[in-house]
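Here is a short briefing on one protein model. Keep the sequence and the 3D view open while you read.

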Amino acid sequence: MTTGALVLAATPIGDPADAAPRLSWELAGADLVAAEDTRRTLRLAAALGVTIDAPIVSYHEHNEASRTAELTDRIAAGARVVLVTDAGMPSVSDPGYRLVQACVERDLVVTCVPGPSAALMALAVSGLPVDRFCFEGFLPRKAGPRAAMLADLAEERRTMIFFEAPHRLAETLRAMAEALGPDRPAAVCRELTKTYEEVRRGPVEELAQWAEEGARGEITVVVQGAARRAADPAAAAGRVQALVDEGIRLKDACKQVAAETGLPSRELYESALSNRST
């Protein structure tokens, strides 16, 4: 008996040659293909030299809610459903999350075909720190919610990755300059893996000025995280004492303040003992 499964199949973000070999195998062997854009999927299959014999149905933001139950039932009945979006990994800033959730709730198999990622490629070529990072997807389109979200990210120390539409790029970069500071290092990566691939690096304010001229194509923005603020030892000692006054053990208070300030816990502990003896 065939076991049904949902296959999240990553597609190239530009160059069809970047497709994983398994993508061709999954498209050719699927019982059903769910595609964000059926015509685009057929063009990709042609570029890969693959014939899709299975039915192809649309699955996009406008019919995701209504079609999820249908696809989940097919998987539960034993079908291997391959989900593809226009570019990249389904469910990551693309349709698919609802379907994954529905399959998980029914204890159905969910697997994926790994492949190209605009977010990770942009991070790798940005020249910004890669040891710790976070993916923020698309910022809100309206100025107020966008400013609020950027304000929440102002002290984020990890490198941040965003997607953005070309016609909103300049406005978004100006908002970043205001919320994060005009000198915050960043990189704008556009048309990755395509003929006119370009990476612009510099302070966000300079990038905003460049973007005013108009940028085209698929855009990924990478922004360096906030620098750790220099801690004030006297203020840190006062914070330790305040926690102790609240009933927290000295060692635990020192550990908490060390995590907050970056100051060594041992130094905070020794300073607290010294203050007690004076």
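**Helix H4 and what it packs on**

The buried residues of helix H4 pack against E1, helix H3 (64-76), E4 and E5. This is a predicted model, in which local features need pLDDT of at least 70 and side-chain atom pairs count only at pLDDT 80 or more, while totals for chains, interfaces and linings use all residues. Residues are numbered from 1 along each chain as its sequence is written, and side-chain values use heavy atoms, with hydrogens and water left out.

- H4 spans residues 97-105 and lies across strand E1 (5-9), E4 and E5. H4 runs at about 150 degrees to E1. Such angles run from 0 to 180 degrees between N-to-C directions, with axes fitted to C-alpha atoms, for helices over the stretch in contact.
- Helices (H or I, at least four residues) and strands (E, at least two) are DSSP runs, numbered from the N terminus. Contact means heavy atoms within 4.5 Å.
- Leu 99, Val 100, Ala 102 and Cys 103 are the buried residues in H4. They cover an arc of only 165 degrees around the axis, which puts them on the same side of H4. The arc is taken from the directions that lead from the helix axis to the C-beta atoms.
- Tyr 97, Val 104 and Glu 105 are exposed on the other side of H4. Buried means under 20% relative accessible area, exposed over 50%, and partly exposed in between (1.4 Å probe, protein chains only).

**The open sheet**

- Five strands form an open sheet in the order E3-E2-E4-E1-E5, with parallel pairing. Strand E3 (56-58) and strand E5 (109-113) are at the edges with a single partner strand each, so one side of each has no neighbour in the sheet.
- From one strand to the next, the twist averages 25 degrees.
- Strand E2 (residues 32-35) pairs with strand E4 (residues 80-84) in the parallel sense, over four bridges. Two strands count as paired if DSSP finds at least two bridges between them.
- Ala 34 has Leu 83 in E4 as its bridge partner.
- Strands of a sheet pair through backbone hydrogen bonds, either parallel or antiparallel.

**Helix H5**

- Helix H5 (residues 118-126) buries Ala 118, Ala 119, Ala 122, Leu 123 and Ser 126. Seen down the axis of H5, these residues fall within an arc of 130 degrees, so they line one face of the helix.
- The cover over the buried residues of H5 includes E6, E7, strand E8 (185-190), strand E9 (198-203) and strand E10 (219-223).
- Gly 127 follows H5 and has a positive phi, near 85 degrees.

**The aromatic cluster**

- Phe 135, Phe 138 and Phe 163 form one aromatic cluster. Rings of Phe, Tyr and Trp (its six-membered ring) pair if their centres lie within 6.5 Å; planes under 30 degrees apart are stacked, over 60 edge-to-face, and the rest tilted.
- The count by this rule is two aromatic pairs. In one, the rings of Phe 135 and Phe 163 have centres 5.0 Å apart and planes at 70 degrees, so the pair is edge-to-face.
- Phe 135 is in strand E6 and Phe 163 in strand E7 (residues 159-164), so this pair ties together parts that are 28 residues apart in sequence.
- Phe 138 and Phe 163 also pair edge-to-face, at 5.7 Å centre to centre and 65 degrees between the planes.
- Phe 163 is buried, at 16% relative accessible area. Phe 135 is partly exposed, at 33%. Phe 138 is partly exposed too, at 41%.
- Phe 138 lies in strand E6 (residues 133-138). Its contacts, leaving aside neighbours within four places in sequence, are Ser 93, Phe 163, Glu 164, Ala 165 and Arg 168.

**Nonpolar cores**

- The largest nonpolar core has 25 residues. Among those with the most contacts inside it are Phe 162, Leu 173 and Met 176. A nonpolar core is a set of buried Ala, Val, Leu, Ile, Met, Phe, Trp, Tyr and Cys residues joined through side-chain atoms within 4.5 Å.
- H7 (169-180) gives the largest share of this core, seven residues.
- A second, separate core of 17 residues includes Leu 23, Ala 30, Ile 52 and Val 84.
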